[in-house]
Amino acid sequence: MIQFEVDMPSLRKVEKRLGDIKDKAPKVMASALNDTAKDARKRLAEKAMQAYTVKSGKFNKAMKIKKATSGHLEAEIRSRGKPLNITNFKYSVPKSGAKSQIVASGSLKQLVMGNIRAFKGKNGLIWQRRSADRIPIKPLKSNSIPVMIGSEKRVYGVVEPHIKSDLKKNMEAEIRKILR
C-alpha cells in the first residue's frame, strides 16, 4: 500500500494562496491528491513493465485507488494479488525443459530443481515434479504484483521522487483553476 497525504503546513500555504476563498483549500488539496494518485498508478505500472516481463493488463487490475476527500486528505494506492504463474511472464518450452525470464534485464533461464526439469502441462501451466516420482507436481509461480511494485530498487524507489513532484505540480494547477 502506497500512501501520500497533505500535512497542515501545506494546507496553510494553499489557504494563504487562495486568500478570500480559503474555505476551498481542502477541495483543492483532495483534487490534487487524486490526480497524483492516478499519475502514480500509471507510472508504477509503466516502470514495473520495464523492469519485469509480465503482461501489462495485470498491473491496472491489481492496483486500486482509494481517493482523498476534503475531509480526509489522504490518497492510497492499494495493490493486492497472489503470486503469478510463470506463463504470465516471458517463457518457452523446448524439449530440453521449460525456461522463463522474470526480470527484463535477465535472460531465459532453465527451470530446474536438482536434475528435474519443468514442463508445460495440458492446461497451459508450467509444472515441476518435486521428486523422481510422477507425483507430487506443483505449478511454478513467481512474484506477485504487490511485490513487483514495492521493489525499492526497480519500481517504487525509482517512481517515488516523481510522485512528490507531481503532487506539487497538481496542487499548483488546482490553485490556478480555482483562482480563475
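Visitor: Let's start with the hairpin of S9 and S10: which residue takes a positive phi there?
Guide: That's Gly124, with a positive phi near 90 degrees. The hairpin has five residues between its two strands. One thing to keep in mind as we go: this is a predicted model.

Visitor: Noted. In what sense do S9 and S10 pair, and over how many bridges?
Guide: They're antiparallel, with two bridges. S9 covers residues 119-120, and S10 runs over residues 126-129. Look at Lys120 and you'll find its bridge partner, Ile126, in S10.

Visitor: And what about S10 and S11, how many bridges there?
Guide: Three, again in the antiparallel sense. S11 is residues 137-139, and within it Lys138 is the bridge partner of Gln128.

Visitor: Are the side faces of S10 covered or open?
Guide: Covered, on both faces. Ile126 and Gln128 are buried on one side, while Trp127 and Arg129 are buried on the other.

Visitor: What does Ile116 touch, if I skip residues up to four places away in sequence?
Guide: Leu111, Gln128, Arg129, Arg130, Ser131 and Ala132. Ile116 belongs to strand S8, residues 116-117.

Visitor: Why does Ile116 count as buried?
Guide: Because its relative accessibility is 18%, and the cut-off for buried is under 20%.

Visitor: OK, zooming out. How many helices and strands are in the chain?
Guide: Five helices and 11 strands. The chain has 180 residues, and 38% of them count as buried.

Visitor: Now the inside. Which residues touch the most other members in the largest nonpolar core?
Guide: Leu44, Phe59 and Met148, out of 27 residues in that core. Helices H2 (25-51), H3 (57-62), H4 (145-149) and H5 each put in at least two residues. H2 gives the most, with five.

Visitor: Which residues is Met148 in contact with, leaving aside neighbours within four places?
Guide: Tyr52, Val54, Phe59, Leu84, Phe89, Asn143 and Val155. Besides the core we've been discussing, there's a second, separate one of 10 residues, which includes Met29, Ala30, Ala32 and Ala37.

Visitor: Back to H5. How far does that helix reach, first C-alpha to last?
Guide: 34 Å, close to the 34 Å expected at 1.5 Å a residue. H5 has 24 residues, 156-179.

Visitor: Which residues in H5 are buried?
Guide: Tyr156, Val159, Ile163, Asp166, Leu167, Asn170, Met171, Glu174 and Ile175.

Visitor: I see Asp166 in that list. Which residue does Asp166 form a salt bridge with at 3.1 Å?
Guide: Arg43, going by the closest N and O atoms. The pair links distant parts of the chain, with Asp166 in H5 and Arg43 in H2, 123 residues apart.

Visitor: Is each end buried or partly exposed?
Guide: Asp166 is buried, at a relative accessible area of 6%. Arg43 counts as partly exposed, at 29% relative accessibility.

Visitor: Where does Lys169 come in, what does its side chain meet?
Guide: Asp166 as well, in a salt bridge at 3.9 Å, N to O. Lys169 and Asp166 are three residues apart in H5, so about one helical turn separates them. Together, Arg43, Asp166 and Lys169 are linked in a network of salt bridges.

Visitor: How many salt bridges does the count come to?
Guide: Four. One of them joins Arg78 and Glu76, at 2.7 Å from N to O.

Visitor: And those two, buried or partly exposed?
Guide: Arg78 is partly exposed at 34% relative accessibility, whereas Glu76 is buried, with a relative accessible area of 5%.

Technical notes: Residues are numbered from 1 along each chain as its sequence is written. This is a predicted model: local features need pLDDT of at least 70, side-chain atom pairs count only at pLDDT 80 or more; totals for chains, interfaces and linings use all residues. Side-chain values use heavy atoms; hydrogens and water are left out. Helices (H or I, at least four residues) and strands (E, at least two) are DSSP runs, numbered from the N terminus. Buried means under 20% relative accessible area, exposed over 50%, partly exposed in between (1.4 Å probe, protein chains only). The expected span of a helix is 1.5 Å times one less than its number of residues. A nonpolar core is a set of buried Ala, Val, Leu, Ile, Met, Phe, Trp, Tyr and Cys residues joined through side-chain atoms within 4.5 Å. Contact means heavy atoms within 4.5 Å. Two strands pair if DSSP finds at least two bridges between them.
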